[in-house]
Number of protein chains: 2
Amino acid sequence: MKWSELNDNWCPVARTLSVVGDRWTLLILRDCFLGKTKFEEFAASGGMTRHILADRLKRLVEFGILERRAYSTSPKRYDYVLTSKGEELRPALSIMKEWGKKHLPIRRAALEG
Amino acid sequence: MKWSELNDNWCPVARTLSVVGDRWTLLILRDCFLGKTKFEEFAASGGMTRHILADRLKRLVEFGILERRAYSTSPKRYDYVLTSKGEELRPALSIMKEWGKKHLPIRRAALEG
DNA sequence: AACGAAAGTTCCAGAAAGAAACGCGAGGCG
DNA sequence: CGCCTCGCGTTTCTTTCTGGAACTTTCGTT
């Protein structure tokens, strides 16, 4: 089964993952929950290439999780804000945060010798 | 940044996603939460190729989310069971399930005309 | 005119995923 | 004995996606 065919899967988890369950999308959402809205802010958080970022933002807008909003008209500029639909995913990220803090401590020893 | 470099990211969400945040891993976990344990059961749920499945199971075992357990010795057979570490991810999947049910209803209309 | 910022796009090589056949150790069967 | 099947992966080949970095466009500033 292809990723795109998950849209109509019988399982609601699969359908959710077809929208947000990829490598970088959830990291974009994390940034959103931290208050970021602008393309350059997402890009600067160092996660992904601008290429992928543009693609994922478009996707999130398509699915109504983010809204593309003009914040400047003279030079046309857009940013991205969470919709209520997007907000409802915050608890999931929250659980992942706690899980990571508990089970995946940073291995500084390996880096600093 | 490469996906693998997320391991030591400052952000616990990123670290969690470096383990479970890929296309198919969360779907395997869903199956685990539904009680599946065997390779063929996961494979039969139609999500991914055996190729990818084998890879992801290995990864989940490496990170202590699943445990590979011999359930037969005469023909050596192994299955995969959730550890407590794995169980702690259940709430995240649960939220995704509810989110999917609420926001991504199956588009039967589009299929059945 | 030159420079810089914001928000993307484009190009290419290399990595990952999909499909489907193959391997392999045990047991079962005629 | 020879052959089939089951469970659990592996291998091979082709297609798609991703990573990296430069380039574009539309203004605003100096």
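**The A–B interface and its pockets**

The contact (heavy atoms within 4.5 Å) takes 46 residues from chain A and 46 residues from chain B. This is a predicted model, where local features need pLDDT of at least 70, side-chain atom pairs count only at pLDDT 80 or more, and totals for chains, interfaces and linings use all residues. Residues are numbered from 1 along each chain as written, chains are lettered from A, and side-chain values use heavy atoms, without hydrogens and water.

Reader: What area is buried between chain A and chain B?

Author: Buried area is the accessible area (1.4 Å probe) that two parts lose on being put together, summed over both. Carbon and sulfur atoms give 69% of it here, and the total is about 4,500 Å².

Reader: Which side chain does K102(B) meet in a salt bridge?

Author: The rule wants a side-chain nitrogen of Lys or Arg within 4 Å of a carboxyl oxygen of Asp or Glu. It finds two salt bridges across the interface. In one of them, at 3.2 Å from N to O, K102(B) pairs with E88(A).

Reader: Which element gives the most to the lining of the second largest pocket?

Author: A pocket is an open set of points on a 1 Å grid over the protein atoms alone, where a 1.4 Å probe fits, with protein on both sides within 12 Å along at least five of seven lines; lining residues have an atom within 4 Å of a point. Among those lining this one are W10(A), R30(B) and K97(B). Helices are DSSP runs (H or I, at least four residues) numbered from the N terminus, and the top contributor, with four residues, is α6(B).

Terms used. Helices (H or I, at least four residues) and strands (E, at least two) are DSSP runs, numbered from the N terminus.
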